[in-house]
Amino acid sequence: MSQCLECHSSTLQESEVSPNGLYKVFGANGLVGYTDVPQMNGDSILVIKDGSGVGTASYAQGKFSVIGTLNYLTVLGNNNLRYLYFALSVFNFQSYKTGMAIPHIYFKDYGNAKIYCPSLTEQKRVANMLDKMESKLFLEQELLASFNSQKRYLLGQMFI
């Protein structure tokens, strides 16, 4: 994995983040605030490195920052970052967890893991297919949420 991705860390703390600003700041639970100076300008894979969500991967685009509970991974060489994101989103970090009270993972450990990396053309093809499936899934989830909201409203009207 370390041949495909470079790991970056942050010392930014959530207490240093503003409710307003130009650039998003991400933490373990998603968007935590904003800042006027981004750490990153470009797409990255965000990986929770400690706490209950350790090993959870997400994708960030454009200019942004992260707090210290996340690492952000950037692509190296002739690889497709979206493909690597999808690979990491199903990667089993269990054997790389350390710590009793608060689990941690370290890139120096899981970075040595092997992941399948076909040709760049194949990586792009797979990533495009998975992007389309993810978009459709997101749309279906929004539709389901809308139906559930409508159902709650109708049930409320029925029993009032």
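# Salt bridges, cores and strands in a predicted model

User: How far apart are the closest N and O atoms in the salt bridge of Lys136 with Glu140?

Analyst: The model is predicted. Lys136 and Glu140 are four residues apart in helix H3, so about one helical turn separates them. Their side chains form a salt bridge, and the distance between the closest N and O atoms is 3.2 Å.

User: How many salt bridges does a search of the whole structure find, and which residue meets Arg82 at 2.4 Å, N to O?

Analyst: The search of the whole structure gives five salt bridges. One of them has an N to O distance of 2.4 Å and pairs Arg82 with Asp131. This pair links distant parts of the chain, 49 residues apart, with Arg82 in helix H1 and Asp131 in helix H3. The residue asked for is Asp131.

User: Which element supplies the largest share of the largest nonpolar core?

Analyst: This core has 22 residues, and those with the most contacts inside it are Leu5, Ile45, Val47, Leu73, Leu88 and Tyr110. At least two of its residues come from each of strand E5 (44-48), helix H1 (81-89), helix H2 (107-110) and helix H3 (120-158). The largest share is six residues, and its source is H1.

User: Which residues does Leu5 touch beyond four places in sequence, and how many residues has the second, separate core?

Analyst: With residues up to four places away in sequence left out, Leu5 touches Ile45, Leu73, Thr74, Val75, Leu76, Leu81, Leu84, Leu88 and Phe107. The second core is separate and includes Ile48, Ala60, Phe64 and Tyr72. Its number of residues is nine.

User: Which residue in E8 is the bridge partner of Cys7, and which is that of Ile45?

Analyst: E8 spans residues 70-75, and five of its six residues are buried. E1 pairs with E8 in the antiparallel sense over four bridges, and E5 pairs with E8 in the antiparallel sense over four bridges. In E8, Cys7 has Leu73 as its bridge partner. For Ile45, the bridge partner in E8 is Leu73.

User: Which strands stand at the edges of the open sheet?

Analyst: The sheet contains four strands in the order E3-E2-E7-E4, with mixed pairing. Each edge strand has a single partner strand, so one of its sides lacks a neighbour in the sheet. The edge strands are E3 (30-35) and E4 (40-41).

User: Which residue in E3 is the bridge partner of Gly27?

Analyst: E2, residues 23-27, pairs with E3 over five bridges in the antiparallel sense. The bridge partner of Gly27 in E3 is Gly30.

User: Where does Leu12 lie, and how far is its C-alpha atom from that of Gly77?

Analyst: Leu12 is in the loop between strand E1 (5-8) and E2, and with a relative accessible area of 18% it is buried. Beyond four places in sequence, its contacts are Val17, Val25, Gln39, Ser65, Val66, Ile67 and Gly68. Leu12 and Gly77 are 65 residues apart along the chain, and the distance between their C-alpha atoms is 28 Å.

User: Which residues make the nonpolar surface patch of about 360 Å²?

Analyst: Phe159 is found in the segment after H3 and, at 63% relative accessibility, counts as exposed. The patch of about 360 Å² is made by Leu155, Met158 and Phe159.

Notes:
Residues numbered from 1 in each chain as written. Predicted model: local features only at pLDDT ≥ 70, side-chain atom pairs only at ≥ 80, totals over all residues. Heavy atoms only, no water. Core = buried A, V, L, I, M, F, W, Y, C linked by side-chain atoms within 4.5 Å. Buried < 20%, exposed > 50% of the residue type's maximum accessible area, 1.4 Å probe, protein only. Contact = heavy atoms within 4.5 Å. Patch = residues over 30% accessible without salt bridge, like charges linked within 9 Å, V, L, I, M, F, W, Y side chains within 5 Å. Areas by Shrake-Rupley, 256 points an atom, 1.4 Å probe, with all protein chains shown as cover. Salt bridge = Lys/Arg side-chain N within 4 Å of Asp/Glu carboxyl O. Pairing = 2+ DSSP bridges.
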